[in-house]
Amino acid sequence: MVADPVALQLAAELFPNGISRYAVGGLLVGLGAVVIYVGTGIPAGASTFLESTLSYVSEQSRFQQYVASRDWRVVFTLGIVLGALAFAATVQSGVVTTSLYEPGTTGELYEIGGVTLWTTDVQAWRLLVGGVFVGIGTRIGKGCTSGHGVCGVGSASKTSLVGVLTFLTVAIVTAQLVAALGVSP
Amino acid sequence: MSEDRHPLFMPLILVGGLIFGFGLGFSQMARPEVVLHFLQFEDFGLLFVMFGAAIVSGIAFAVMPRVRDSAPLTGDRYERRLKPFDRNVLIGGAIFGVGWGLSGICPGAAYASLGVGNVAILWAISGMFLGAYLQGRWRSRVSNPDSVTAGAD
């Protein structure tokens with residue numbers, strides 16, 4: 001097979017880790033949302049879990065509106081954690097190998113009970129402060145990367161498209177600024 | 001939504017979450033560094049995750065309402081996910097963007113990150129709960145949320 005060297009070089013620059021792990025992972029994320037939607041009619045987003053779970057411990061009126069959905073949202077989130085753990089125990093641990101998966105070189109790998117786990121190098125203050133902004137922003141903005149980005153864009157919702165463009169643009173500017181200030185990782 | 005749910009409701013939610021979380025792990029969206037590399041234009045792979053997922057879910061959102069009236073486990077009507085647009089979408093989106101750009105984490109990916117062993121992500125999850133709590137307290141107290149929108153940046 002003869003491949004265009006210019007296209008190959010461009011692909012190598014834009015996608016240094018290939019595209020298959022991203023495409024396969026994205027299809028699975030979409031499939032998870034589809035399974036829930038087909039069975040229940042619910043377009044599931046991940047960020048409402050924050051408010052709905054707070055309704056267990058807070059009497060604030062803002063959280064009480066989520067009492068009806070809080071139980072299944074806990075199960076959904078538990079599923080996400082366990083699904084990622086299943087990934088760690090199989091593909092990340094090398095028990096299952098596939099040419100579609102590019103392992104990557106970020107963070108630190110460590111092992112517990114034969115399972116290869118991974119932890120980030122990104123500094124704790126970035127995670128904490130970023131988390132606070134994410135928590136405030138998704139709740140004011142009515143959605144996050146799964147609610148707006150996957151379910152909303154999938155529904156061709158104009159609100160969600162505007163939401164995604166807004167947070168994507170601001171996130172790019174923020175990340176570039178933080179990097180320009182020499183903060184790494 | 002009725003109180004007595006179908007016995008398969010919770011198992012199905014769990015299975016959906018498992019696939020969702022496995023996908024977030026496989027795509028490495030559970031790694032904040034990979035998200036930050038995307039935002040810094042070093043690796044555009046994240047586009048395939050978001051659009052790949054949106055295309056798959058979009059097919060279901062388009063097809064299911066034509067095939068059936070209501071979902072088997074809830075009896076809820078199949079509807080598209082449409083939320084009303086107002087300036088909160090822009091304000092909230094911008095605040096979320098600052099957080100996403102600073103940390104490389106978003107809610108779903110943060111839960112998945114815990115699953116791949118990233119204990120440090122508890123900082124981010126704590127932060128998200130704190131942020132959601134602060135926002136909820138504020139919303140509960142302010143009867144007219146549109147009257148206080150300063151400090152959006």
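Predicted model: local features only at pLDDT ≥ 70, side-chain atom pairs only at ≥ 80, totals over all residues.
Taken along the principal axes, the C-alpha atoms of chain A fill a box of roughly 60 × 40 × 35 Å. Of the 185 residues in chain A, 53% count as buried, and the accessible surface of the chain comes to about 7900 Å², with 68% of that surface belonging to carbon and sulfur atoms. When contacts in chain A between residues at least 6 apart in sequence are considered, 50% of them join residues at least 24 apart.

The two strands of chain A are paired with each other. Strand 1, which covers residues 108-112, and strand 2, which covers residues 115-119, run antiparallel and are joined by 5 bridges. Together they form a hairpin with 2 residues between the strands, and in the turn Gly113(A) has a positive phi of about 55°. Of the 5 residues of strand 1, the number buried is 0, so this strand lies largely in the open. A residue counts as buried when its relative accessible area is under 20%, and by this criterion Thr116(A), at 13%, is buried. Thr116(A) belongs to strand 2 and is the bridge partner of Glu111(A). Apart from neighbours within four places in sequence, the residues in contact with Thr116(A) are Ala88(A), Gln92(A), Ser93(A), Leu109(A), Tyr110(A) and Glu111(A).

The largest nonpolar core has 71 residues, of which Phe76(A), Met29(B), Leu39(B), Trp100(B) and Met128(B) touch the most other members. Helix 3 of chain B, residues 46-67, supplies the largest share of this core, namely 8 residues. The surroundings of Phe76(A) include residues of both chains: when residues up to four places away in sequence are not counted, Phe76(A) touches Ile36(A), Ala44(A), Gly45(A) and Ala46(A), together with Ile13(B), Gly17(B) and Phe20(B). On the surface, a nonpolar patch is formed by Ile19(A), Leu47(B), Phe48(B), Phe51(B), Ile55(B), Ile59(B), Val63(B) and Val67(B), and these residues together have about 700 Å² of accessible area. Leu47(B), one of the members of this patch, lies in helix 3 of chain B and is partly exposed, with a relative accessible area of 32%.

Over all chains, the structure holds 3 salt bridges. In one of them, Arg62(A) is paired with Glu51(A), and the closest N and O atoms are 3.2 Å apart. Arg62(A) is located in helix 4 of chain A, residues 61-64, whereas Glu51(A) is located in helix 3 of chain A, residues 48-54, so this pair ties together parts that are 11 residues apart in sequence. Arg62(A) counts as buried at 18% relative accessibility, and Glu51(A) likewise counts as buried, at 0%.

Glu51(A) also meets Arg139(A) in a salt bridge, with a distance of 2.5 Å from N to O. Because Arg139(A) lies in helix 6 of chain A, residues 124-140, and Glu51(A) in helix 3 of chain A, this pair ties together parts that are 88 residues apart in sequence. Arg139(A) is buried, its relative accessible area being 5%.

With regard to accessibility, Asp86(B) is partly exposed, with a relative accessible area of 29%, whereas Lys142(A) is buried, with a relative accessible area of 19%.

How values were computed:
Residues numbered from 1 in each chain as written. Chains lettered and ligands numbered in written order. Heavy atoms only, no water. Buried < 20%, exposed > 50% of the residue type's maximum accessible area, 1.4 Å probe, protein only. Helix = DSSP H or I, 4+ residues; strand = E, 2+ residues; numbered from the N terminus. Pairing = 2+ DSSP bridges. Core = buried A, V, L, I, M, F, W, Y, C linked by side-chain atoms within 4.5 Å. Contact = heavy atoms within 4.5 Å. Patch = residues over 30% accessible without salt bridge, like charges linked within 9 Å, V, L, I, M, F, W, Y side chains within 5 Å. Areas by Shrake-Rupley, 256 points an atom, 1.4 Å probe, with all protein chains shown as cover. Salt bridge = Lys/Arg side-chain N within 4 Å of Asp/Glu carboxyl O.
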